[in-house]
Amino acid sequence: MTTAFDPIALGGKRLANRLVMAPMTRSRAYGPGAEATELMATYYAQRATAGLIITEGIQPSPLGQGYPDTAGLHTPGQVRAWRTVTDAVHGEGGAIFAQLMHTGRIGHPSLLPDGLVPVGPSAVAAEGRVYTHEGPKEFVTPKELSGAEIRRTVADFTDAARNAVEAGFDGVELHGANGYLIHQFLAPNTNHRTDEWGATTEGRIRFAVEVVTAVAEAIGGDRVGLRISPGNRFNDIAEDNPDEVYLALLDRLAGLDLAYLHLMEGPNRDLTPRLRKVWPGTFVLNPFTHPDVTGPDALGLIEDGSADMVAYGALFLANPDLPRRLASGGPFNDPDQATFYGGDHRGYTDYPTLTA
């Protein structure tokens, strides 16, 4: 029987175990350069016993930023800064993928260079507010991307993936979940286009397919993962019948030999085994456990074949040595809700001093 503590081959590397540190926004790239900091290097190195670390969302371009103090991968300085992080993780024997996240309509002009406004597949504003340095602000109506701008955005993802490799990352994860730009193209309430990037199932998956294909061609499919969250209503997304779109998406991507598919599971869990069945490669599952955090019970998802790897979020924040604790059955530090909730971008504690 395969267990979470067995090694697995991924991205040309042999990972020590099948436990994934899920991507979580940290907002610690303080300063005008949107560069990774020494604090971030320490934070990730503390958690290097994960089989795979997936970083917080990293914007592939200035326009892709939707939250304050998030880091980019589109300047030489950012590449150099991220190298300190990857060196620290590799020095502890870990593996780390950069999550590339373009937030699309989720953001605010105050977070962007002068004159820029958030963009999306269609000019449809999200309900809700976003945190800024000036406090919470209402989402604005995004600028609808033109065909030329869509192609430029695909190129931005590709350039950022190349930069990630230069910065020493073992691969990249493309964030197609949680209501950000790739997800906005997939969802019918945010994509009202009538051209080749909308209108039909094939149209709505086109942008995702183009981004994943271009990045795989640039750095190799075995160094590319994709995160999806079918039916997830976060950031004002509505996908009442996601099955057709996501099964079509996976069908189009199956031949690229990607490193993995990362499913952020929602409350409707019926789709999970269908996606697992049709996906030919490594299947990473972030199981739906709300309102609880993912705990030791999730290890059984690997043992029963539901997934090849399991992603942990909040529990990894509170327990940097989580694989050891899971293997021994605890004890576990309790995650404080204020520690990992993405709306408070400065109130984090990482428990660097561990209990027995």
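Guide: Let's start with Asp257, which is exposed at a relative accessible area of 60% (exposed means over 50%, buried under 20%, partly exposed in between, using a 1.4 Å probe and protein chains only). The model is predicted, so local features need pLDDT of at least 70 and side-chain atom pairs 80 or more, while totals for chains, interfaces and linings use all residues. Residues are numbered from 1 along each chain as its sequence is written, and side-chain values use heavy atoms, without hydrogens or water.

Asp257 is not a glycine, yet its phi is positive, about 55°. Look for Asp257 in the loop joining α6 (243-253) to β12 (260-264); helices (H or I, at least four residues) and strands (E, at least two) are DSSP runs, numbered from the N terminus.

Now move to Ala34, in the loop between β3 (19-21) and α1 (38-46). Ala34 is no glycine either, and has a positive phi of about 50°. Ala34, however, is buried, with a relative accessible area of 12%. A glycine joins the tour too: Gly220 follows α5 and has a positive phi, near 100°.

Two other loops hold cis peptide bonds. Pro331 sits in the loop between α10 (322-328) and α11 (337-340). There, the peptide bond from Gly330 to Pro331 is cis, with omega near 0°.
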